[in-house]
Amino acid sequence: MVTLRVRRWETLGDSVQGVGKRCNQDWHACEGAGSADDPLVLAVADGHGSAAHSRSELGARFAVDRFVALAAGFGRAARDCHEPGRLARLMTYARDDFPRALVHDWRQAALGHWARHRPVADDSAREPTPDDKLLLYGSTLIGAVLTPWLHVAWQLGDGDLAVVEHDGTVRRPLAPVEEDLGDETESLCGREAWRAMRMHWAPVFDEARTPRLVVLSTDGLSKSFAAADGYREFVTGLDGRLATEGSEEVRTALPGWLRQASRYSGDDTTLAAALRPAGILPAEAETPLTESERKTET
């Protein structure tokens, strides 16, 4: 038996409406503690907002709500990832089945809402196809689940996931090889949206090397920077201010930072983040991962 220490994560999150926008098309959530029984789930979604996606603020909310429910269940299932073969099965589910389940649940939520809130009938108009209905709710999504033994994240469409490692290195593990052109992006309303979902898989083999900060944000933040490295510098600065000023000071200042970013990007701007505190809670004894399961990551 080995000891894997469990620290509660601190979270912060906020969202501001873009200048001139009719409403905020973004939605976000930070739920849970990051323990075995109460995994931490973070999510941000960005409704597309154009006339063709006139209900996308609802689509963003459906995306976050469905992700939180599925990811919390996945995180609790990861409690047994030290059992032989369990980690490999979890990875297969996360890569293949989780995206399908998430897209299915989102589609059901959107189509159910459309059925309950149909437009005024026009006898001469044809019944919209399911794809036409889903188009109204189009949204991107980034979500992560953090447990003592496993960190997993998924992304569909634009926005950013940044991970500050234990040594201060900033990574963007889900950044696409090629950035989307203009306002084009993958969407939950796509016909086979699950195929476009990217996954970040990170088992925790050494508690001391656990990342100290995880940041999810909609593209209203990254688009606000003129320099290519602006977003990375923002995350580095956020990490530094959390270390020197503390989470309460940063939590108070965050809405102002997002409003300033929104003025530059002209877009709704949302951030959800989890900070690994310096203090350590009492340890929990757990069975270590086997050597073969450690190699699953590669």
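Analyst: **The helix pair and the sheet**

Helix 1 (residues 56-77) packs against helix 2 (residues 86-116) at an angle of about 150°, their axes lying 9 Å apart. Helices (H or I, at least four residues) and strands (E, at least two) are DSSP runs numbered from the N terminus; axes are lines fitted to C-alpha atoms, for helices over the stretch in contact, with angles from 0 to 180 degrees between N-to-C directions. Helix 1 is therefore roughly antiparallel to helix 2, a term for angles over 145 degrees. This is a predicted model, in which local features need pLDDT of at least 70, side-chain atom pairs count only at pLDDT 80 or more, and totals for chains, interfaces and linings use all residues. Residues are numbered from 1 along each chain as its sequence is written, and side-chain values use heavy atoms, without hydrogens and water.

In the contact (heavy atoms within 4.5 Å), helix 1 contributes residues including F62, F67 and F74, which meet a set in helix 2 that includes Y93, F98 and W106. The residues of this contact comprise 17 nonpolar, 2 polar and 3 charged.

Elsewhere, an open sheet of 5 strands runs in the order 2-11-10-7-8 with antiparallel pairing, where pairing requires at least two DSSP bridges between two strands. Strand 2 (10-16) and strand 8 (170-171) form the edges. Strand 10 (residues 213-217) pairs with strand 11 (residues 269-275) over 5 bridges, and V214 has A274 in strand 11 as its bridge partner. Helix 6 (residues 247-265) lies across strand 2 and strand 11, at about 30° to strand 2.

Notes
Angles under 35 degrees count as roughly parallel, over 145 as roughly antiparallel, 65 to 115 as roughly perpendicular and the rest as oblique. Ala, Val, Leu, Ile, Met, Phe, Trp, Tyr, Cys and Pro count as nonpolar, Asp, Glu, Lys and Arg as charged, and the others, Gly among them, as polar.
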